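Trainee: I would like to go through the helix and sheet terms for this model.
Mentor: Here is the model.

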Amino acid sequence: MVSSDGYRVLQWAAVSGGLPTNETTFAKILKDHGYATGLIGKWHLGLSCEHRDDHCHHPLRHGFDHFYGLPLSMMGDCVPGGLSEKRAGLQRRLESYALVAALAALTLAAGAASRLLPGSWVPAVGATLAAALLSAASYFLGTLIVHADCFLMRNHEVTQQPMRFSRTTALVLQEASAFIRRSVPSRKHPTRSTRHIHPTGQNDPPEESARNREGPFLLVLSFLHVHTPLISTDKFLGRSRHGPYGDCVEEMDWMVGQILDTLDTEGLTHDSLVYFTSDHGGSLEAQLGREQHGGWNGIYKGGKGMGGWEGGIRVPGIVRWPGVLPAGRVIHEPTSLMDIFPTVVELAGGQVPQDRVIDGRGLLPLLLGTVPHSDHEFLLHYCETSLHAARWHQRHRLSGPRTPAPPGKAAPPPERAQVRREVVVTSKNSLTPGTVAEAFSHVGF
């Protein structure tokens, strides 16, 4: 999200900004189609507008039935003494202001004592109090941020403030498993049937759909792992040879396994599409001493927040749907997280909004192997309001001899041959439309 002052994301839980109310989320569409919808983990799309309790940007206002997690996001400042995202900068400013106030107090006091400056001691006392207050604010700033931004909510109620990270992992798993179990239909009605549409377009027979189609659900689990601060529990500390970041990855892997086990236990595995991915690459600058806290990006250059370099925007995706999607298949086509929107909407039998441009493309034909390439011709990456990277796939090319036109009629178009050519333009600085057009014009097709 881009705020009006240029910040890429919301910085405070109390700010009056967030996802516009006129946006249509896939959770809202699925809810309208009878799905139970839950969000567990990070929201980071705003909370309130005019006052702290109106919750105009809350997940429950955007299609979710249930929410448990952080209304903001994981911040380095949630763990005192760790990596700082805003505390350090604010402390430096407060300390500078305190120093200026202290110098002013000394100057005023010296002037009043020597009678070189007219007036009373009141300005000197006021400047001294200001210096003391600014110093105190700097000293307690970390504690204030933890209380203000690092808390857990269940729906509209604050349940833990500040967060206690030793319990967070267990609470997240408990909420996710409970949501899944609540969505499993009662066994008291074994003959009840509902309609379930497979990607092939065929309907479930009533006896197969009776148990687990009575309450279809959408669960968005936005892990607190592996964002800084790294919050691995004692069980996983020191397990990975890759240090604290590796420990955190191993714990998240275990958590994913616990969720999949819940699906297995409830008999939902073959009726559930699971999509696992990351919203960006590793943050290479996130280091504490010699420890890397932000991950690695392998062979790809750059990382999170570094313009359009691959290390920051190229991430893997893992999809599981036993009995529908073939296991072990690797797809090398680039897709976008925006593709999740039309994919889940189509699976639920809904329709994407027709009054706006939807940039995502349905993933199902690609996942099923019915098409060889992604439906994206262009993939554009923006950083704030600037275009930083563009990827172009030319999938069709005019080829073959052109048939002469009959008298008085237009010539028929030449045959279209399938080709796959790719151009990638990236820049740490912003690209202009002219830059992209010039790069593509020299491809020489």
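**Helix packing and sheet**

Mentor: Helix α4 (residues 165–183) packs with helix α6 (residues 243–265) at an angle of about 20°, their axes 10 Å apart. This is a predicted model: local features need pLDDT of at least 70, side-chain atom pairs count only at pLDDT 80 or more, and totals for chains, interfaces and linings use all residues. Residues are numbered from 1 along each chain as its sequence is written, and side-chain values use heavy atoms, with hydrogens and water left out.

Trainee: Why are α4 and α6 called roughly parallel?

Mentor: Angles run from 0 to 180 degrees between N-to-C directions, along lines fitted to C-alpha atoms, for helices over the stretch in contact. Under 35 degrees counts as roughly parallel, over 145 as roughly antiparallel, 65 to 115 as roughly perpendicular and the rest as oblique. The angle is about 20°, and the two helices are therefore roughly parallel.

Trainee: Which residues of α4 make the contact?

Mentor: Contact means heavy atoms within 4.5 Å. On α4 they are Thr169, Val172, Leu173, Ala176, Ser177 and Ile180.

Trainee: What makes β4 and β5 the edge strands?

Mentor: Two strands pair if DSSP finds at least two bridges between them. The order in the open sheet is β4-β3-β2-β1-β5, and β4 (157–160) and β5 (217–222) each pair on one side only.

Trainee: How do you know that β3 pairs with β4?

Mentor: 3 bridges join β3 (residues 152–154) to β4, and the two run antiparallel. One of the bridges has leucine 152 with glutamine 160 of β4 as its partner.

Conventions. Helix = DSSP H or I, 4+ residues; strand = E, 2+ residues; numbered from the N terminus.
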